[in-house]
Amino acid sequence: MYVEMKNICKNFGSYEAAKNINFGIEQGKLVALLGPSGSGKTTILRMLAGLEQQDSGDVVIEGKVVNDVAASERGIGFVFQNYALFRYMTVYDNIAFGLKVQKMDKQKIHERVTEMIALIGLEGLEKRYPNQLSGGQRQRVAFARAIAPKPQLLLLDEPFAAIDAKVRKELRRWLKEMIQKVGITSIFVTHDQEEAVEVADDIIIINEGRLEQMGSPIDIYKNPKTPFVAQFIGTSAILDNLKGFKGYDDIPQDKKVIVRPEFVEAFKSDNKKFANMMDAVEEGVIESVVFRGSYLELTLLVNHVRLTTNRSLERRHVDIGEKMCVLLYRVYLFDDKGAEIRKNQLLKGIDVEAL
Amino acid sequence: MKEKNSKAVKWILIGISVIFFLLMLVLPLLEVIYRALWDGIASYQAALTAPNTLSALKVTLIATVIAVAVNTVFGIIASWLLTKFDFRGKNVLSTLIDIPFSISPVIAGLAYIMTFGRTGWAKPLIDGINDALGTDIALVFSVPAVVLATIFVTFPFISREIIPILYAQGRDEEEAAAMMGASGFTIFRKITFPHMKWGLLYGIILCAARAFGEFGAVYAVSKARGKTFTLPLEIDALYMAGSADSITQAFAVSSLLVGMALIMLILKNIVEYRGKRSDI
Amino acid sequence: MKQVQTKRKKSIIPGFGISMGVSVTMLSLIILIPLASVLAYSFRLSGQEFLELMTRPNVVRAFVTSIGCALAAAVINCIFGTILAWVLVRYEFPGKRLMDGMIELPFALPTAVAGITLTKMYSDTGFLGRAFEKIGIEIAYTKTGIVIAMVFIGIPFVVRAIQPVLEKLPASYEEAAVMLGASRFRIFWKVIFPEIAPALWTGFGLALARGIGEYGSVIYISGNSEKNGTQVVSYIIMQKLNSGNVDYEGAAAIALVLLIISFLMLFIINMIQHIASRRTNV
């Protein structure tokens, strides 16, 4: 492991920001710390950077415990939430600052800064001040400033929070490419799961100061280990029970149910594709149809329960009030202890994923 | 109908403001000039070049310059402390700094007399230091006393102007610089100082204006006319002498302070304007 | 491997120790220790002596005069200060820049100069004094004169407290009220006043504190007559330092009471301001 946090605890008064946090990150990975606001993810990042001191536990970087190493000696580049660009310095001076502090040779500083500006594609804007840049340009400068001194580890605190939704997607891709190009181990904090899924190699989910789960985006999506993760990842509806649903008679009463749109299939009764599954079909009525840009979101009333599913625009037209056949492939069951996936028993032996 | 009504209200309010402004602020200035020149230019000049006036001008300038210097150092350091760090007792500290705003300047003078005066508890200490160093510095009824009293009353002037600016600026930039290994002095010089520049200048102007005009506090600790008197004290002495001539002289000396006050006001407005424009 | 640290929350920004040291040292030497001496001195009086001093007619009257006049001046300043701030923010008229720039003249003008000038203006030989005398109003050497001097030194506090709040108040606010058909008076009381109230209290508090402790601008126009009740507290304190029979203990005791009253008033005003701002910040 390249970066490790071992048994990290941290309180702010009575507020527990970190409860025995343990994780390790391999060299070269791009990792997201994902969690709702107030979950403690930023505090964890700041402890890693040395901006906050943990109450107990060890921070390990490259095999060395760095608890007593000053933030500036940890070899970390940090991109702050609002970038914290030096407002009274030009783009050039911002990027050069860390190098000047290291008393690097002037010529070398110039070379490195020029290289950085070329890397982020802001040639010609060297003399601008931060307030003369767009949000996206500021983020690029903040990135360049953080990596100019060649740190071993890059930390980013909500790197996209201050940017317009429009530019955000483009910047995500840009940042991912940049980090891959530079090949630096990076950790970023975000509250946006879409962002985490799209950018990160691995995701660490934090809630109320606890580490809930760590893994690849697909892994976390497919196998949520805790109720929180099951609810937090993806869009999901939570039901008290599945009374009356075919193939789910054996669900224990004390477990709650999570249904995701992709677990639900709705089709017209003359659809032959699902002929072998008709045993498991329920009847549902379309309550609403919402156009989501590239697909339709249908809400159906099935057995007095509302289920949501996404429908391709290529499929046949449907109307509100129309009766549909509804299949529930699988659900998540959860209680206080954990979460598990449960397939529809009547669909045993049928390869649902092949559809 | 409503439109007309609103216009009338506008001009009534402007009228009230202008009358208040002229009566309370402009008229007194004209009065000073009028009274100062009562006996003609020659006696005006004579009043300004009298030895007592010149001595008072010197003491006033000394007190102002030292007070501004001390309070600038304090203002910068205290505002750095109060805006860049969290610690217990921060609110108490910032309240204590503002004490001179809310107490009578007379009490400031009184406080120094009771500390350093003939019966003050720190008197033996000062005597001891004087004996050891072979000096003869008195901290009451002397120029140093005037300086101290002036520092007291202007103590929070500069910190109070800088604190809100640094507070609004936040700590991110300093943290970012510290992460990169910059020293405290470099951080201050390159990052914090450019932010506080205009506020500092503004505070210095307010501090200077209050310093050269201070009366109550220095009145308590300065008794020797022609030696430790400042301009306001000299004005008081001339005015209280009561003769028509001396009252005219009092206004002549006052006109000097009016000039200084106006210069400060102009500087203040320039700084305010420039500061707003460079606001990033 | 558990190591519990009980360190102060450490900041990465350097310079905490030295700036704390310098700040506290300077604050102690210049402000706190001298003020503590006042406290120590006032305790040299016995309880009975203290009571006797504080109930002397001239002392009581001085407190009444100082606080009463300062309150009156602060109220007047709130009225005119609000109008001035409103006019400076909302209207355009010739000379506005000059007026705006001159509002702080009372801060810059030495109090002694203001004191003697106001006295001459309002005395029976002065331009305004004569005018008021004709209609039977005496200003110089009366409490009215004291109030005028306190209005002069207090006005910038109120204007400068309200101005930024009014500037930030969006016009859409009033427009919304107008659209709903509110009368102008109603708009002011129900929409604008609650917004500026916290700032107004701040200005009121500052003007009041300044008025209660004021010396330079007041002592000339007041005439300092015990008979007419125009002695202010600062004058009484100064008298005890100056006259042939110096009375430091008495001066310290009166100063202490003045300090306590000033702080109490500021405390109460801060409380009111806190409540007022809570109401608008919801």
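## Where chain B meets chain A

In this predicted model, 15 residues of chain B are in contact with 19 residues of chain A. Two residues are in contact if their C-beta atoms, placed from the backbone, lie within 7 Å. On the side of chain B that touches chain A, two elements give two or more residues, namely helix 10 (172-179) and helix 11 (184-213) of chain B. Helix 10 of chain B gives the most, with 7 residues. Sorted by class, this side of chain B has 9 nonpolar, 3 polar and 3 charged residues. (Nonpolar covers Ala, Val, Leu, Ile, Met, Phe, Trp, Tyr, Cys and Pro; charged covers Asp, Glu, Lys and Arg; polar covers the others, Gly among them.)

Residues are numbered from 1 along each chain as its sequence is written, while chains are lettered from A and ligands numbered from 1 in the order in which they are written. As the model is predicted, local features need pLDDT of at least 70 and side-chain atom pairs count only at pLDDT 80 or more, whereas totals for chains, interfaces and linings use all residues.

## Where chain B meets chain C

The contact between chain B and chain C takes 73 residues from chain B and 66 residues from chain C. Helix 1 (residues 2-36) of chain B gives the most to the side of chain B that touches chain C, with 14 residues. That side of chain B has 51 nonpolar, 12 polar and 10 charged residues.

## Chain B as a whole

How many helices and strands does chain B have? Chain B has 14 helices and 0 strands, where helices (H or I, at least four residues) and strands (E, at least two) are DSSP runs, numbered from the N terminus. The C-alpha atoms of chain B fill a box of roughly 80 × 70 × 30 Å along the principal axes.

Of the 280 residues of chain B, 52% count as buried. A residue is buried if 20 or more other C-beta atoms lie within 10 Å of its own, exposed if 12 or fewer, and partly exposed in between. Among the contacts in chain B with a separation of 6 or more, 79% are between residues 24 or more positions apart.

## Chain A as a whole

Chain A has 8 helices and 19 strands. Its C-alpha atoms fill a box of roughly 75 × 45 × 35 Å along the principal axes. Chain A has 355 residues, and buried residues make up 41% of them. Residues 24 or more positions apart account for 65% of the contacts in chain A with a separation of 6 or more.

## A sheet in chain A

Chain A contains an open sheet of 6 strands in the order 6-7-8-3-9-10, with mixed pairing; two strands pair if DSSP finds at least two bridges between them. Which strands stand at the edges? They are strand 6 (76-79) and strand 10 (210-215) of chain A; each has a single partner strand, so one side of each is left without a neighbour in the sheet. On average, neighbouring strands of this sheet are turned by 15° against each other, direction ignored. Strand 9 (residues 202-207) of chain A is joined to strand 10 of chain A by 5 bridges, and the two run antiparallel. I205(A) stands opposite Q213(A), which is in strand 10 of chain A.

Helix 1 (residues 41-49) of chain A lies across strand 3 (30-34), strand 6, strand 7 (153-157), strand 8 (185-190) and strand 9 of chain A, and runs at about 150° to strand 7 of chain A. Helix 4 (residues 135-147) of chain A lies across strand 6 and strand 7 of chain A, at about 165° to strand 6 of chain A. (Axes are lines fitted to C-alpha atoms, for helices over the stretch in contact, and angles run from 0 to 180 degrees between N-to-C directions.)

I25(A) is in strand 2 (residues 15-25) of chain A. Is I25(A) buried or exposed? I25(A) is buried, because 23 other C-beta atoms lie within 10 Å. Not counting residues up to four places away in sequence, I25(A) touches M1(A), Y2(A), V3(A), V31(A), T185(A) and I187(A). T185(A) is 160 residues from I25(A) along the chain, and their C-alpha atoms are separated by 8.5 Å.

D192(A) lies in the loop between strand 8 and helix 6 (193-199) of chain A. D192(A) has 16 C-beta neighbours inside 10 Å and therefore counts as partly exposed. D192(A) and W174(A) are 18 residues apart along the chain, with their C-alpha atoms separated by 17 Å.

## A helix pair in chain C

In chain C, the axes of helix 6 (residues 111-122) and helix 8 (residues 143-168) come within 11 Å and cross at roughly 135°. Helix 6 of chain C makes the contact with T111(C), A114(C), G115(C), L118(C) and Y122(C), and helix 8 of chain C with G145(C), I148(C), A149(C), F152(C) and I153(C). These residues divide into 7 nonpolar, 3 polar and no charged.
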